[in-house]
Amino acid sequence: MSMAAESPIMSVKGLARSFGGIQAVNDCSFDVRPGRITGLIGPNGAGKTTVFNVITGFLGADRGSILLRGREILGLSPHQVERLGVVRTFQHLRLWSKMTVLENVLLGCATPAGENVFSLFLRPGAVRAEEARARERAMEVLEFFGLSGRTHEFAEDLAYPEQKLLSMARIFAADAPVMLLDEPASGLDGESLRRIVPLVRKLVEHGKTVLLIEHNMELISELSDDVVFLHQGRVLAAGAPAEITRDPALTEIYFGV
């Protein structure tokens, strides 16, 4: 099974990462095509989250390469990877619980002048202008995710499905071209899923490329344009959702039946 030829926005090549004697990722290679949703699936312990952590700089690798638009990003810090255009959510949402919804999203609207303490004294006008643009951007993002009515509430006071939306909103605000979503549907009921699914698809409509980890096979089939099946740290198959999810051999591995 192979995906149609198209220049990838990100290529993972020969990635390997071990923890002691455990080989979590082993010669893992796959491409992420621009403007599409790629689902990364596999049984528990397949190495999916480890791959996310290595891509985004939270873990190093024993060997391999990760090219973002032809540029090597393996070995860069999380901040550097984000600056180059790759952002992510986490299974544990990592929200600033004692900050408001608006403040959480503003943290995603990084502004170069505002980040430099000297600008506060040398270019206060520029800082104020950038802060105003960041606030405007944050309000647009909250509207997009249906959270504009919760602007001044603390993140900890949101229901879990809305906290999921807020975690996505915060990284969307960074305006990075590649978004990595780690189990965006986990813990959600049917009504909340019906809210999340269209939003993930709308991310692509707004120019994003999405790589997501998800255990809900029905959701993978509904959302993904491409699917990569990972097992024991290796890519066993990559292709269209119908190919992967209906393959009896892969189903047996996934469900252990």
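Visitor: Which residue just after helix 1 takes a positive phi?
Guide: Glycine 57 does, with a phi of about 85 degrees. Keep in mind that this is a predicted model.

Visitor: Which residues of helix 1 are buried?
Guide: They are Lys48, Thr50, Val51, Phe52, Asn53, Val54 and Ile55.

Visitor: Why is threonine 89 called buried?
Guide: Set the value against the cut-off. Buried means under 20% relative accessible area. Threonine 89 has 6%, so it is buried.

Visitor: Where is threonine 89 found?
Guide: Threonine 89 sits in a loop. That loop runs between strand 6 (86-88) and helix 3 (101-108).

Visitor: Which residues does threonine 89 touch, leaving out those up to four places away in sequence?
Guide: Its contacts are Ser167, Met168, Ile171, Leu180, Leu181 and Asp182.

Visitor: How do you know that the side chain of threonine 89 and the backbone nitrogen of aspartate 182 make a polar contact?
Guide: Check the distance. A polar atom of the threonine 89 side chain lies 3.0 Å from the backbone nitrogen of aspartate 182. A polar contact needs a pair of N or O atoms within 3.5 Å. The 3.0 Å distance meets that limit.

Visitor: Is arginine 94 buried or exposed?
Guide: Exposed. The cut-off for that word is over 50% relative accessible area. Arginine 94 has 51%, so it qualifies.

Visitor: Where is the place of arginine 94, and what does it touch?
Guide: Arginine 94 is in the loop between strand 6 and helix 3. Not counting residues up to four places away in sequence, arginine 94 touches Phe58 and Arg170.

Visitor: What separates the C-alpha atoms of arginine 94 and isoleucine 73?
Guide: A distance of 24 Å separates them. Along the chain, these two residues are 21 residues apart.

Visitor: Now the whole protein. How do you know that its radius of gyration agrees with a compact globule?
Guide: Compare two values. With 257 residues, a compact globule would have a radius near 18 Å. The protein has 19 Å, which agrees.

Visitor: How many helices and strands does the protein have?
Guide: The secondary structure comes to 11 helices and 10 strands.

Visitor: What share of the 257 residues is buried?
Guide: Buried residues make up 49%.

Notes. Residues numbered from 1 in each chain as written. Predicted model: local features only at pLDDT ≥ 70, side-chain atom pairs only at ≥ 80, totals over all residues. Heavy atoms only, no water. Helix = DSSP H or I, 4+ residues; strand = E, 2+ residues; numbered from the N terminus. Rg over C-alpha atoms; globule rule 2.2 N^0.38 Å. Buried < 20%, exposed > 50% of the residue type's maximum accessible area, 1.4 Å probe, protein only. Polar contact = N/O pair within 3.5 Å; in protein donor to acceptor, adjacent residues only side chain to side chain. Contact = heavy atoms within 4.5 Å.
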